[in-house]
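Here are my notes on this one, as numbered points. Have the model open while you read.

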Amino acid sequence: MKILAIETSCDETSIAILKGEEKSGVFKILANVVSSQVKIHAKWGGVVPNLAAREHLKNIIPVLNETLKKAKVVLSEIDLIAITQGPGLIPALLIGINAAKTLAYFCEKPLIGIHHIEGHIYANYINQKKEGNLSQFKFPVLALVVSGGHTQLILMKDYLNYKIIGETLDDAAGEAFDKIAKIMNLGYPGGPAVAKRALEGKSQIMNKFKIQNAHKIQSGKNKKSKDIFPRPMINSGDLNFSFSGLKTAVLYFYEKIKKEIKDKKNLEAHKNFICWEAQTAIVEVLRKKSLMAIEKYHPQSFFLAGGVAANKELRGDFEKHIKNNLGVEFTCPLIEYCGDNAAMIAVVAFSKLIKKNINPKKLKENWRDLEADSNLKLKN
Ligand code: KG4
Ligand code: ZN
């Protein structure tokens, strides 16, 4: 069977085609086209919902044509259309949903709505050959979803069965990266910018770079610690997260440093150092809570997922501390499937059809009722 998936929840217009074998659960991604709007939103330092919608509208048909061409598939061969229903930005979601509904109506195809976070989790099933097998991982699976809008630990006892066992009480991890980048004017998107600066900061530290008065400058209650920045909620005893305090600590620290350091080159070097320290704080909190969750719930597999999963230090740290550890199989998506893409949405749709035994004929009328939901909840 062939599934055409559309994803427009934020600032990527993406369409993919998956070819799957129902009996075995083996699939191949025939094409996954992603058109990024990064340059448009960079000017504003974040995603502007109405601008995103306008770009989706402009891009969706060209992206559809390119996907069909790459996959060497015509629309009549498609068995199911899958669309990201939420969560996401309503103006952005609406463009993809309306395109999917129109295609479903005119081509008389069944239509299924997919949860964006399910997509991030299922991106782990796509391997280097752009293939996958739904029986490839053992359950229970524990997933750490770290994206721009979410930081959640999700336990899956089986396919498409979700229990949120921990989540952020304020900012998501990706949001923290983005805000830290904004504070220091590092460009957009913030995550990759901070990661790049952090790498430079790391080599500076290895070269014995001295942070100017770092420990003197660092504020209040964290003074005795060797860490420049706090690790929010690391010892809270539960599996929840909080990243807004870290962002504030970076803000105060940077403001003080900026006043003290007049030399531009030196200030840039300090920004690198701040990025390294802040990234290390985020990674440490994510690792500690993940290890706690593993000890508590004894999963067989651990998935890293979401845009922040592209962070090399995070991947390396989790490989070191979780891979082959505690009897858990560790996996993270290929870098190209960490960020938003439609291939991951297609994998969830495929999984729903075969693991939940959904008859596509029952989805024929979905073009009428399917609605965008910016706060869509994960359902089992
Ligand atoms: O999953 P995603 O593409 O979109 C959402 O569903 O939110 O995640 C985007 C987030 C952004 O906050 C971005 O800054 C962050 O992922 N991100 C990174 C990296 N690449 C993207 N954060 C840290 N390091 C990276 N290399
Ligand atoms: Zn996402």
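1. His-116 and His-120 sit 4 residues apart in helix α4 (residues 116–122), so about one helical turn separates them. Helices here are DSSP runs of H or I with at least four residues, strands are E runs of at least two, and both are numbered from the N terminus. His-116 and His-120 are both buried, where buried means under 20% relative accessible area, exposed over 50% and partly exposed in between (1.4 Å probe, protein chains only).

2. Before going on, the ground rules: this is a predicted model, in which local features need pLDDT of at least 70 and side-chain atom pairs count only at pLDDT 80 or more, while totals for chains, interfaces and linings use all residues. Residues are numbered from 1 along each chain as its sequence is written, chains are lettered from A and ligands numbered from 1 in the order written, and side-chain values use heavy atoms, with hydrogens and water left out.

3. Which protein atoms hold the zinc ion (ligand 2)? The protein donors are His-116 (NE2), His-120 (NE2) and Asp-340 (OD), at 2.0 to 2.1 Å. Their spacing along the chain reads H-x3-H-x219-D. Donors are N, O and S atoms within 2.8 Å of the metal (3.2 Å for Na, K and Ca), and water is not among the atoms, so sites may look incomplete.

4. His-120 also turns up at ligand 1: one of its polar side-chain atoms lies 2.9 Å from a ligand oxygen. A backbone N or O atom of Gly-148 is 2.8 Å from an oxygen of ligand 1, and a side-chain N or O atom of Asp-178 is 2.6 Å from one. For polar contacts the cut-off is a pair of N or O atoms within 3.5 Å. The protein covers 84% of the 550 Å² of accessible area that ligand 1 has on its own (Shrake-Rupley method, 1.4 Å probe).

5. What does the shell around ligand 1 consist of? Its residues divide into 4 nonpolar, 11 polar and 2 charged. Ala, Val, Leu, Ile, Met, Phe, Trp, Tyr, Cys and Pro count as nonpolar, Asp, Glu, Lys and Arg as charged, and the others, Gly among them, as polar. Helix α5 gives the most, with 3 residues.

6. Now the aromatics. There are 13 aromatic pairs in the structure. Tyr-122 and Tyr-125 are stacked, because their ring centres are 5.2 Å apart and their planes at 15°. Phe-318 and Phe-330 make a tilted pair, with 6.4 Å between centres and 50° between planes. Phe-318 is in helix α10 (residues 312–321) and Phe-330 in strand β11 (residues 329–331), so this pair ties together parts 12 residues apart in sequence. Rings of Phe, Tyr and Trp (its six-membered ring) pair if their centres lie within 6.5 Å; planes under 30 degrees apart are stacked, over 60 edge-to-face and the rest tilted.

7. Last, some backbone spots to check. Cis peptide bonds join Phe-139 to Pro-140 and Tyr-188 to Pro-189, each with omega of about 0°. Asn-185 has a positive phi of about 60° although it is not a glycine, and at 68% relative accessibility Asn-185 counts as exposed.

Terms used
Polar contact = N/O pair within 3.5 Å; in protein donor to acceptor, adjacent residues only side chain to side chain.
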